[in-house]
Structures are given as structure tokens and as C-alpha cells.
Amino acid sequence: MLECKKLGLAKSVGVSNFGIAHLKGISEAGLELPEVNQIELHVWLQQKACRAYMKSKGIVTMGYCPLARCKRLEDLRDIAKKKEKSPAQIAIRWSVQSGVIT
């Protein structure tokens with residue numbers, strides 16, 4: 001993919017499910033860091049250390065499963081009721097306010 005980028009066939013290169021160790025490995029290999037890393041990210045899996053590391057390296061966070069596969073949305077029921085929103089709206093709002101591409 002980096003070769004495709006050099007040839008002008010791709011504007012950006014990203015990765016998926018890379019942790020800090022994986023990203024450090026890319027850097028230690030002398031390769032260009034990705035522009036984006038897509039990781040599972042939601043209210044119950046905030047990945048604070050990974051997000052902080054990516055931010056320090058200029059890597060954008062893209063979060064998938066913002067609704068946590070709908071398995072824990074009821075945990076947000078009280079907050080949702082207070083805000084007159086659905087639990088799903090609360091979960092999505094958390095992602096957006098966290099600066100994550102969701």
C-alpha cells in the first residue's frame with residue numbers, strides 16, 4: 001500500500017486493529033506510519049492508551065462498533081432517559097464528542 005501511495009494510486013494508507021506495539025513496530029522498521037487506525041471503540045472499550053499514542057503520532061482514530069454490538073446499551077438507559085434520547089444516541093454522541101471517526 002505504501003508503494004501505491006508513492007505511485008499516486010492512493011492518497012492515504014490506514015490500518016485496522018493495530019495496537020501500540022504494532023504501530024511502534026512499523027516505526028522501528030523505518031516505515032511511514034498510517035494516517036488512520038480503525039479500532040473497536042465504544043463507551044465500554046475506550047482504548048485510552050492506544051488513542052493517546054496515536055494522537056501523539058498524528059494517527060487519526062476511527063472507531064468501529066460504537067454501539068458495542070448492542071449488548072450493553074441498556075446500561076445507558078438512565079442517562080438516555082434524563083437527556084430524552086435513546087441509549088444508542090448517547091453511545092454515538094460519546095464517540096463524536098471523543099473526536100473519533102465513527
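Modeller: One term to begin with: exposed means over 50% relative accessible area, buried means under 20%, and partly exposed is in between. Also, this is a predicted model.

Colleague: Okay, is Arg93 buried or exposed?
Modeller: Arg93 has a relative accessible area of 52%, so Arg93 is exposed.

Colleague: Where does Arg93 lie?
Modeller: Arg93 is in helix α5.

Colleague: Switching topic. Where is Val100?
Modeller: Val100 sits in the segment after α5, and that helix covers 87-97.

Colleague: Buried or exposed, that Val100?
Modeller: Buried, because its relative accessible area is 9%.

Colleague: What is Val100 in contact with, leaving aside neighbours within four places in sequence?
Modeller: Leu41, Arg51, Thr61, Met62, Gly63 and Ser95.

Colleague: And how are Val100 and Met54 placed?
Modeller: They are 46 residues apart along the chain. Their C-alpha atoms are separated by 12 Å.

Colleague: Thr61 came up. Where is Thr61 found?
Modeller: In strand β3, residues 60-64. Thr61 counts as buried, because its relative accessibility is 9%.

Colleague: Which residues does Thr61 touch, not counting those up to four places away in sequence?
Modeller: Asn37, Ile39, Leu41, Arg51, Met54, Val100 and Ile101.

Colleague: Where is Cys65?
Modeller: In the loop between β3 and α4, with α4 covering 77-83. Cys65 is partly exposed, because its relative accessibility is 21%.

Colleague: What about phi of Cys70?
Modeller: Cys70 has a positive phi of about 60°, and it is not a glycine. Cys70 also lies in the loop between β3 and α4.

Colleague: Now charges. Why can side chains pair up?
Modeller: Opposite charges can pair when the charged atoms come close.

Colleague: How many salt bridges are there?
Modeller: The count comes to 5 salt bridges.

Colleague: Which residue does Arg69 form a salt bridge with?
Modeller: Glu40. The closest N and O atoms are 2.8 Å apart.

Colleague: What does that pair tie together?
Modeller: Arg69 lies in the loop between β3 and α4, while Glu40 lies in strand β2, residues 36-40, so the pair ties together parts that are 29 residues apart in sequence.

Colleague: How accessible is Arg69?
Modeller: Arg69 is partly exposed, with a relative accessible area of 49%.

Colleague: Which residue does Arg72 pair with?
Modeller: Arg72 forms a salt bridge with Asp75, and the closest N and O atoms are 2.8 Å apart. Arg72 is partly exposed, at 40% relative accessibility. Asp75 is partly exposed too, with a relative accessible area of 46%.

Colleague: And which residue meets Arg77 in a salt bridge?
Modeller: Glu74, at 3.8 Å from N to O. Arg77 is partly exposed, with a relative accessible area of 48%. Glu74 counts as exposed, because its relative accessibility is 53%.

Colleague: Last one. Which residues are joined into one network?
Modeller: Lys5, Glu32 and Glu35, through salt bridges that share partners.

Note on methods: Residues numbered from 1 in each chain as written. Predicted model: local features only at pLDDT ≥ 70, side-chain atom pairs only at ≥ 80, totals over all residues. Heavy atoms only, no water. Helix = DSSP H or I, 4+ residues; strand = E, 2+ residues; numbered from the N terminus. Buried < 20%, exposed > 50% of the residue type's maximum accessible area, 1.4 Å probe, protein only. Contact = heavy atoms within 4.5 Å. Salt bridge = Lys/Arg side-chain N within 4 Å of Asp/Glu carboxyl O.
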